[in-house]
Amino acid sequence: MEHIIHPIPPLYDEESHILILGSFPSVKSREAQFFYGHPQNRFWKVLAAVLDCPVPQTVPEKQAMLHEHHIALWDVIASCDIEGSSDSSIKNAVPNDLTPILQTADIRQIYCNGATSHRLYQKYIAPVTGRDAIKLPSTSPANAAWHVDRLAESWKSILE
């Protein structure tokens, strides 16, 4: 177990309408200093399929795609004890404060990328914000039962 403080700032602006929350950045994401940095994570492929645009390759391309489609991105947890990238190992979680995002942007809906993100959101953040979040299937490679097309079909709900 290692105690880690979330190293990546939230991505949002005053034009953001959708907030997608992960649980906590993986080792690869922490190394890359940006969300969903592991090449096996399907987040960027799924989101590009949903938004009908090319899969972004660089951090600036990823940021531009999110801003263009009014999507904010962050994680539920600000710091925790974790083994590697294992969500199931998260202990002593401290939640992120979503207040700056919710006060700046007109967030119309909050989505959680996977069950762990949703469970932690419900435990720590929903009681503070009073806002529900919709659980989407995880884009993690650990969710092997869901292929990219099936994930994209489910994730299309963010467009509604």
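Leaving aside its neighbours within four places in sequence, which residues is Ser89 in contact with? The answer is Met1, Asp81, Ile82 and Glu83, where contact means heavy atoms within 4.5 Å.

## About the model

This is a predicted model, in which local features need pLDDT of at least 70, side-chain atom pairs count only at pLDDT 80 or more, and totals for chains, interfaces and linings use all residues. Residues are numbered from 1 along each chain as its sequence is written, and side-chain values use heavy atoms, with hydrogens and water left out.

Ser89 sits in the loop between strand 4 and strand 5 (91–95); strands here are DSSP runs of E with at least two residues, helices are runs of H or I with at least four, and both are numbered from the N terminus. Ser89 is buried, with a relative accessible area of 9%. Buried stands for under 20% relative accessible area, exposed for over 50%, and partly exposed for what lies in between, using a 1.4 Å probe and protein chains only.

Asp81 has Lys91 in strand 5 as its bridge partner.

Strand 3 (residues 71–75) is mostly covered, as five of its five residues are buried. Ile71, Leu73 and Asp75 lie on one side, with Ala72 and Trp74 on the other.

## The nonpolar core

The largest nonpolar core has 47 residues, of which Ile20, Leu47, Tyr121 and Trp155 touch the most other members. Such a core is a set of buried Ala, Val, Leu, Ile, Met, Phe, Trp, Tyr and Cys residues joined through side-chain atoms within 4.5 Å. Helix 2 gives the most to this core, with seven residues.

Beyond its neighbours within four places in sequence, Tyr121 has contacts that include Leu21, Val76, Leu98, Ile110 and Cys112. In helix 5 we also find Ile125, which is buried with a relative accessible area of 3%. Not counting residues up to four places away in sequence, Ile125 touches Val76, Pro95, Asn96, Leu98 and Leu120. From Ile125 to Lys45 the C-alpha to C-alpha distance is 28 Å, across 80 residues in sequence.

Why is helix 2 described as largely enclosed by the rest of the structure? Seven of its nine residues are buried, namely Phe43, Trp44, Val46, Leu47, Ala48, Val50 and Leu51. These buried residues pack against strand 2, helix 3, strand 3, strand 6 and helix 6. Just after the helix, Asp52 takes a positive phi of about 55°.

The axes of helix 2 and helix 6 come within 9 Å and cross at roughly 55°. Axes are lines fitted to C-alpha atoms, for helices over the stretch in contact, and angles run from 0 to 180 degrees between N-to-C directions. Helix 2 and helix 6 are therefore oblique to each other; under 35 degrees counts as roughly parallel, over 145 as roughly antiparallel, 65 to 115 as roughly perpendicular, and the rest as oblique. Residues of helix 2 including Phe43, Val46 and Leu47 take part in the meeting with Val148, Leu151, Ala152 and Trp155 of helix 6.

Conventions. Two strands pair if DSSP finds at least two bridges between them.
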